[in-house]
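Let's take a walk through this structure together, one spot at a time. Keep the sequence and the 3D view open as you read.

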Amino acid sequence: QETMHLYENAFEVLAHGINLHRSVILSDEDLEGHIQNDREVMDIDLDSMYANKVKALYAAILEFVSKAQTQLPSDFASRLYELRDACHGIVISVKGVKEMRNNVSTYMVSENEDIRREYNTLRTRLASIMREIHVLAQSDEEDRDVLSLDEYKVAIDEDNVIVTGALDSLIREGRINAIMASSLMNDQAFARSVVWQLADMGKALYGAKDV
């Protein structure tokens, strides 16, 4: 329950970190269409949000796990470790979005159409998996297909602008400058980490039967 609570708190930080309202992610609205037309940069203190909503609860969960695992049968202890790892993934995801935030806020409103499109693609990737996890959370246990989360891992790897050569083309054709390219490379890596961590967290929370 507290792992779910941690993710609920982190959800707000993640959403606002990529300048999206939670209501948009949780709705049935076309995410890609909304994000491509979105120019709202939120005035938020992400460090304060992280400290108040995520960090303290994460620390309390770690303390609980460390104490409880010494008094539990191995089956229960292993489940606790799995949930602890899920919590760690949530925290890594929040830190990844924090690292991305300045560039996201800069380039999502850039006059350069190419860099704006690439950053909006990253925002869409993150928002999409957050929506999928919400769908899983709202579903009955027997209807949950957590393997769907792996599709988001595959997608962000296959559509990586570095792997596909799209980034080289943008640089070579002078459509983005070297500073933009460097930022995009770094943030592509952060976005990949966030997607992978959230996918694994979702599988840990909603894929396992209650011990």
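N186 sits in helix α10, where helices (H or I, at least four residues) are DSSP runs numbered from the N terminus. With a relative accessible area of 45%, N186 is partly exposed; that label covers everything between buried, under 20%, and exposed, over 50% (1.4 Å probe, protein chains only). N186 and M100 are 86 residues apart in sequence, yet their C-alpha atoms are 8.4 Å apart in space. A word on the ground rules: this is a predicted model, in which local features need pLDDT of at least 70 and side-chain atom pairs count only at pLDDT 80 or more, while totals for chains, interfaces and linings use all residues. Residues are numbered from 1 along each chain as its sequence is written, and side-chain values use heavy atoms, with hydrogens and water left out.

Stay in α10, which runs over residues 178-206, and look for S183. S183 is buried, at a relative accessible area of 11%. Which residues does S183 touch, not counting residues up to four places away in sequence? They are N103, Y107 and Y119, where contact means heavy atoms within 4.5 Å.

Next, see how α10 meets α6. These two helices pack at an angle of about 5°, and their axes are 10 Å apart. The axes are lines fitted to C-alpha atoms, for helices over the stretch in contact, and angles run from 0 to 180 degrees between N-to-C directions. α6 and α10 are therefore roughly parallel to each other: angles under 35 degrees get that name, over 145 is roughly antiparallel, 65 to 115 is roughly perpendicular, and the rest are oblique. On the α6 side, the contact includes I115, Y119, L122 and I133, and on the α10 side it includes S183, L184, V195 and Y206. Sorted by class, the contact of α6 with α10 has 18 nonpolar, 2 polar and 3 charged residues. Here Ala, Val, Leu, Ile, Met, Phe, Trp, Tyr, Cys and Pro count as nonpolar, Asp, Glu, Lys and Arg as charged, and the others, Gly among them, as polar.

Now for some rings. A pair of aromatic rings is described by the distance of the centres and the angle of the planes. How many aromatic pairs does the structure hold? There are 2. In one of them, the rings of Y7 and F11 have their centres 5.9 Å apart and their planes at 85°, so this pair is edge-to-face. For the cut-offs, rings of Phe, Tyr and Trp (its six-membered ring) pair if their centres lie within 6.5 Å; planes under 30 degrees apart are stacked, over 60 edge-to-face, and the rest tilted. Because Y7 and F11 are 4 residues apart in helix α1 (residues 2-17), about one helical turn separates them. Y7 and F11 are both buried. Y107 and Y119 form a tilted pair, 5.1 Å centre to centre with 35° between the planes. This pair links distant parts of the chain, with Y107 in helix α5 (residues 74-107) and Y119 in helix α6 (residues 113-138), 12 residues apart. Y107 and Y119 are both buried too.

Let's follow α1 to its neighbour. α1 and α5 pack at an angle of about 10°, with 10 Å between their axes. They are therefore roughly parallel to each other. Y7 takes part in this contact, as do L6, A10 and L14 of α1, among others, and the α5 side includes L83, I90, V97 and R101. By class, there are 11 nonpolar, 4 polar and 1 charged residues in the contact of α1 with α5.

Where is N19? It lies in the loop between α1 and α2 (22-26). N19 has a positive phi of about 60° although it is not a glycine. N19 is buried, at a relative accessible area of 2%.

Finally, look at D157 in helix α7 (residues 148-158). D157 is partly exposed, with a relative accessible area of 26%. Apart from its neighbours within four places in sequence, D157 is in contact with V163, R192 and W196. R192 lies over the face of W196, at 4.2 Å from the ring centre; a charge sits over a ring if NZ of Lys or CZ of Arg is within 6 Å of the ring centre and within 35 degrees of the ring normal.
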